[in-house]
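Have a look at the model first, then read on.

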Amino acid sequence: MTPQPRKRVGVLISGRGSNMAALIAATMDPAYPAEIVAVVSNVASAKGLETAERHGIATIVIAHRDYESRAAHDDAVHAALKGVGAEYVALAGYMRLLSPHFVRKWQGRMINIHPALLPSFKGLDTHARALAAGVRIHGCTVHFVTEGMDEGPVIAQGAVRVLPEDTEETLSARVLKVEHRLYPMALRLVCEGQARMSDGRAVIDHKGADDAEYLLSPPEGG
Ligand code: GRF
């Protein structure tokens, strides 16, 4: 079979960029179905920009403060993504609400990683809220981005046990390890067409279904 051309992915970040780094690492494998064509940040000091540059990936800063409205900023981000020929968008710690107009343009081709098992704990401070709620299982979710924040159809989820001695720091570190495995896997499913959005739901092919459930493994500490 002739190999398919790799899908061109733009990554949006605002900070540390560890999920972005996990995506970059995955794309080092020539068999991975995606390449990262640019990393776009709304924050000039985002640490992740340095990481991307070290890997020779184009970086673009589009500071939201330079735009008079959210829509105008999103239009500039959209133009930058189009400018580098992005076909898909991966949000990786992008701390901006997106305007409906922008979301509609990328619907079905834009994904996000959220540090909780959606639909529980949408929004910020997910680990502290999971601890306060006393849940026994916590984790992360990759989902298609829709207009409602953290509401899009779920592509893949990874779970960790919540341990009695957990603090926000230990729990978030354990979830983050799972994020770094889950996100590249979910982007692969999307870029291979094994996960797609249809009628507002995520449809996962049988072949990709097991990958999309990352259950309590590796065992904690792993
Ligand atoms: C991650 O926890 C991710 O789930 C959330 O924001 C955080 C970003 O971390 N959306 P990083 O910038 O990828 O290190």
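## Ligand contacts

Start with Glu-179: one of its polar side-chain atoms sits 2.7 Å from an oxygen atom of the ligand. On its own the ligand exposes 360 Å², and the protein buries 85% of that (Shrake-Rupley areas, 1.4 Å probe).

A word on the source: this is a predicted model, where local features need pLDDT of at least 70, side-chain atom pairs count only at pLDDT 80 or more, and totals for chains, interfaces and linings use all residues. Residues are numbered from 1 along each chain as its sequence is written, and side-chain values use heavy atoms, with hydrogens and water left out.

## The shell

Which residues are around the ligand? They're Arg-16, Gly-17, Ser-18, Asn-19, Gly-93, Ile-113, His-114, Pro-115 and Glu-179, with "near" meaning a heavy atom within 4 Å. By class that's two nonpolar, five polar and two charged residues (Ala, Val, Leu, Ile, Met, Phe, Trp, Tyr, Cys and Pro are nonpolar, Asp, Glu, Lys and Arg charged, the others, Gly among them, polar).

Helix H1 (18-27) and strand S5 (110-114) are the elements that give two or more residues to this shell; helices (H or I, at least four residues) and strands (E, at least two) are DSSP runs, numbered from the N terminus.

Most residues other than glycine have a negative phi, and most peptide bonds are trans. Leu-118 and Pro-119, though, are joined by a cis peptide bond, with omega about 10 degrees. Pro-119 belongs to the loop between S5 and helix H5 (126-133).

Asp-150 has a positive phi, near 60 degrees, and is found in the loop between strand S6 (137-144) and strand S7 (154-161).

Notes: Polar contact = N/O pair within 3.5 Å; in protein donor to acceptor, adjacent residues only side chain to side chain.
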